[in-house]
Every structure is written in structure tokens, then in C-alpha cells.
Amino acid sequence: MTISRIILLRHGETVWNRENRIQGHLDTPLSAAGVAQAEALAQRLAGESFAALYSSDLGRAHETARRIAARTRHQVILEPALRERNLGILQGLTRVEAKALYPEIYTRYRMFDPECIVPGGEDALHFVARVVAAFSAIAERFSGETVVVVAHGGTLDAMYRHVTQAPLPGARTAPLPNAGYNCLLRDVQGHWSMPVWGDVSHLQGCLPGDR
């Protein structure tokens, strides 16, 4: 049976990750820890054989992917559909601020309520559908091969929920460390599996990301 393999990575820690601030489609650069994490990912992937390197077009993911590409000599393919969820009015706020200013919206967002549309943002069902479609298209394009994808915590969480068939609404259960190494497999029938999740063994000696 032909299996497509996707090595799925979260970007390195950013300045706003350190501040516990919601990013969504907004962006901040990698922190010093995030740069070290991205370089550690690059070193790990230098020993991997893969056909293509994809990244969200948001800067924090692209910066992480560029550091990998510098080591592996792949071209970075930017894919907007791999973006983090657009979180509208919550973007730019710390989680404490978001909870204080918009308690109902924030709680429903945290519970992944499929009926909650964050004002100015993207609803949970549309977000999951966008992400799953993007990963399915990549897997089909590179059937039987390995591809590396650099994305975001929310993007990873959407795939984790899809693969594990987690009910909605529901609190996040997936570990989503910055620069974590995850692996997804997709067969020709479109069934996904997840043999590796949340591996951070390559980050030993790096400054740890907080979240």
C-alpha cells in the first residue's frame, strides 16, 4: 500500500509566544530561543531524505523553514492554507487580556466550539476543513514520498483532532511544543495515522520555548 509521510513541524518560539500573546494571522519574529530551536530542527532534518519542504506563508513559520532549507538545500514552498487560524479581535492580546475583555468568546475559542465565530476571524470548522484539505493535497501530490511541513500550533492541533477524531467542542489535548517533530501518514484511501507526536529530543541544549 502506498503511504505518504508528512513530517509536521511547529515553528520556533516567537517573541509573542514568550509573552503568552495570541498571534493568529499577526506575526512576530523568532526569539533567541526560537532561532536555536529552528537550527536544531535543521540539524535533525539534515539526516532525513524528503521530496519537498512546505511552509505557511506567515513569517515565523517561513523563518523556521528557511533555516531548515539552508541546511537541506530544499526550496521553501509557501502555502497560505497552512496558516494559523485567523482569530480576529483576539489577535495581539495576551491570554489574560483576551479572557478579561472577551470572556465568552475566549472560552468558546479555547474549547474549539464549532459554532463560535471570533469577530473578524475564522470559525473552527472552516479552519479545520482548510487545514485538512491542504495536508490531503500535499499528501496526494507526493504520493508514496516524504514531505516536510512547517506550520503553527493551531494548524497542528487541527490535524491532531482530525486524525484522532476528537469530538467538538473539546479542550486542546495535543502537546504542541515549539519546534516539535511530528509525523503523519496517509494511505491511498485517505486514512491518516500518527506514529510520532511531540518529539523534542533534538532540542536538548536549546533554550526551551514556554508554550
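This is a predicted model: local features need pLDDT of at least 70, side-chain atom pairs count only at pLDDT 80 or more; totals for chains, interfaces and linings use all residues.
Student: Why are H6 and H7 called roughly perpendicular to each other?
Tutor: The axes of H6 (residues 124-141) and H7 (residues 153-164) cross at roughly 85° and come within 9 Å. Axes are lines fitted to C-alpha atoms, for helices over the stretch in contact, and angles run from 0 to 180 degrees between N-to-C directions. Angles under 35 degrees count as roughly parallel, over 145 as roughly antiparallel, 65 to 115 as roughly perpendicular and the rest as oblique. H6 and H7 are therefore roughly perpendicular. The helices themselves are DSSP runs (H or I, at least four residues), as are strands (E, at least two), numbered from the N terminus.

Student: Which residues of H6 and H7 meet?
Tutor: Phe127, Val128, Val131, Val132 and Phe135 of H6 meet Gly154, Thr155, Ala158, Met159 and His162 of H7, where contact means heavy atoms within 4.5 Å. By class, this contact has seven nonpolar, three polar and no charged residues. Ala, Val, Leu, Ile, Met, Phe, Trp, Tyr, Cys and Pro count as nonpolar, Asp, Glu, Lys and Arg as charged, and the others, Gly among them, as polar.

Student: What classes of residue make up the contact of H2 with H3?
Tutor: The axes of H2 (residues 32-45) and H3 (residues 59-72) come within 8 Å and cross at roughly 35°. The contact has six nonpolar, three polar and four charged residues; among those that meet are Glu39 in H2 and Arg67 in H3.

Student: What makes E3 and E6 the edge strands?
Tutor: The open sheet of six strands has the order E3-E2-E4-E1-E5-E6, with mixed pairing. Strand E3 (76-78) and strand E6 (192-199) each pair on one side only. Two strands pair if DSSP finds at least two bridges between them. Strand E5 (residues 181-187) and E6 are joined by four bridges and run antiparallel; in E6, Trp192 is the bridge partner of Arg186.

Student: Why is the pair of Tyr54 and Phe142 called edge-to-face?
Tutor: Rings of Phe, Tyr and Trp (its six-membered ring) pair if their centres lie within 6.5 Å; planes under 30 degrees apart count as stacked, over 60 as edge-to-face and the rest as tilted. The structure holds three aromatic pairs. For Tyr54 and Phe142 the values are 6.2 Å centre to centre and 80° between the planes, an edge-to-face pair. Tyr54 is in strand E2 and Phe142 in the loop between H6 and E4, 88 residues apart.

Student: What makes the phi of Arg73 worth a remark?
Tutor: Phi of Arg73 is near 70°, a positive value in a residue other than glycine. Most residues other than glycine have a negative phi. Arg73 lies in the loop between H3 and E3.

Note on methods:
Residues are numbered from 1 along each chain as its sequence is written. Side-chain values use heavy atoms; hydrogens and water are left out.
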